[in-house]
Amino acid sequence: MSIYTARILIRTGNKRNLMLPGIFMILAIFNLCFYLAEAGIAPHSSRVILEAAISLLLLLITIIGGRIVPAFTRNALTAKGLKVDIGAPGKLSILCIVGTAIMMAGDLLIADNWPEPFAYFCAILAGLHLARLYFWKGWMTFSDPLLWAMHAAYLWIPVGLVLKAYGFVTYGYFWEGALHALTAGAIGTMILVVTIRAGLGHTGSTLRTNPYLTAALWIITFSAIFRVLQSFIENGFSEQLLYLSSAFWVLAFGLYLANFLPLMTRPRLDGKPG
């Protein structure tokens, strides 16, 4: 996939996204190392490699999300006649990107041996991401599910990093509440909303959700909330929250499939090739 993506990007002159093949290659290396660790061959535990892989995906969201979320927000507000300055300061965005990359390295090299300093770093990084998100003015997007869901997905990054810091200070390891905030929350929600937007665009549909897709975005949001809350609860209700979160997750992507399967199996609605 890395080689194929690189060839397409080079052929089309899309140098801006040439970092994507590199990220895919690192993910492949992490995947290999995970299984080597399970076999007792790799120097790190499989858990540590998994944590670093999650941070790499967060880095991808930080870079790509940092482009598309403010751009789509700005375009939508402009279309409504609202001229608003959407965009975080460049230095703040660089700090978020570099900090997330450092966190990935820290997962491998620092977290297990120095959990408290690493926790403080994660807490500071959470503040940087939250400040960046503030400049994107997500509170102005509540009327458009395709926009607020992107902001909600990015919001899970600082939430997850705060929980990650809490876990390292309290337990000395990557706590499950942080794990699910960053995966089910940030990664899962961003995947769903971006695939919905891309699916609408590539089928020639209007970039607007119908009731089913809107419900899917709300449902995956509550799925992540329930999964994180479940990490705080130790009584019998914990298992019920786990089942509820799982059911919501399946339902959200099931609604996506039910909506797009008919669209993907017939020509584009606008008559264009593709």
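Me: Which helix gives the largest share of the lining of the second largest pocket?
Reply: In this predicted model, helix 6 makes the largest contribution to that lining, with 6 residues.

Me: And which helices each supply at least two residues there?
Reply: Helix 5 (115-135), helix 6 (145-170) and helix 8 (211-232) each supply at least two residues of the lining of the second largest pocket.

Me: Which residues lie nearest its centre, and how many line it?
Reply: The second largest pocket has a lining of 15 residues, and those nearest its centre are F142, W148, H151, A152 and L155; the space in this pocket comes to about 300 Å³.

Me: How does that lining split by class?
Reply: The lining of the second largest pocket is made up of 11 nonpolar, 3 polar and 1 charged residues.

Me: Back to W148: is it buried or exposed?
Reply: W148 has a relative accessibility of 9%, under the 20% cut-off, so it counts as buried.

Me: How many aromatic pairs are there, and how do W148 and W218 sit?
Reply: The count comes to 15 aromatic pairs. For W148 and W218, the ring centres are 4.6 Å apart and the planes stand at 45 degrees, so this pair is classed as tilted. The pair links distant parts of the chain, with W148 in helix 6 and W218 in helix 8, 70 residues apart.

Me: What about the accessibility of W218?
Reply: W218 is partly exposed, at 44% relative accessibility, whereas W148 is buried at 9%.

Me: Which residues are in the cluster with them?
Reply: Ring pairs join W148, W218, F222, F226 and F248 into a cluster.

Me: What kind of pair do Y166 and Y171 form?
Reply: Y166 and Y171 form an edge-to-face pair, with 6.0 Å from centre to centre and 90 degrees between the planes. Y166 is partly exposed at 34% relative accessibility, and Y171 is partly exposed at 39%.

Me: Switching topic, how much space lies in the largest pocket, and which helix gives the largest share of its lining?
Reply: The largest pocket holds about 360 Å³ of space. Helix 2 (19-38), helix 3 (46-79) and helix 7 (176-202) are the elements giving two or more residues to its lining, and helix 3 provides the largest share, 6 residues.

Me: Which residues are nearest its centre, and what classes line it?
Reply: Of the 14 residues lining the largest pocket, L60, I61, M190, I191 and V194 lie nearest its centre, and the lining divides into 11 nonpolar, 3 polar and no charged residues.

Me: Last one: where does R197 lie relative to F72?
Reply: R197 lies over the face of F72, at 3.7 Å from the ring centre.

How values were computed:
Residues numbered from 1 in each chain as written. Predicted model: local features only at pLDDT ≥ 70, side-chain atom pairs only at ≥ 80, totals over all residues. Heavy atoms only, no water. 1 Å grid on protein atoms, 1.4 Å probe; cavity = no way out; pocket = protein on both sides within 12 Å on 5 of 7 lines; lining within 4 Å. Points joined across faces, edges and corners; volume = space filled by probe spheres on them. Helix = DSSP H or I, 4+ residues; strand = E, 2+ residues; numbered from the N terminus. Nonpolar A, V, L, I, M, F, W, Y, C, P; charged D, E, K, R; others polar. Phe/Tyr/Trp six-rings, centres within 6.5 Å; stacked < 30°, edge-to-face > 60°. Buried < 20%, exposed > 50% of the residue type's maximum accessible area, 1.4 Å probe, protein only. Lys NZ or Arg CZ within 6 Å of the ring centre and 35° of its normal.
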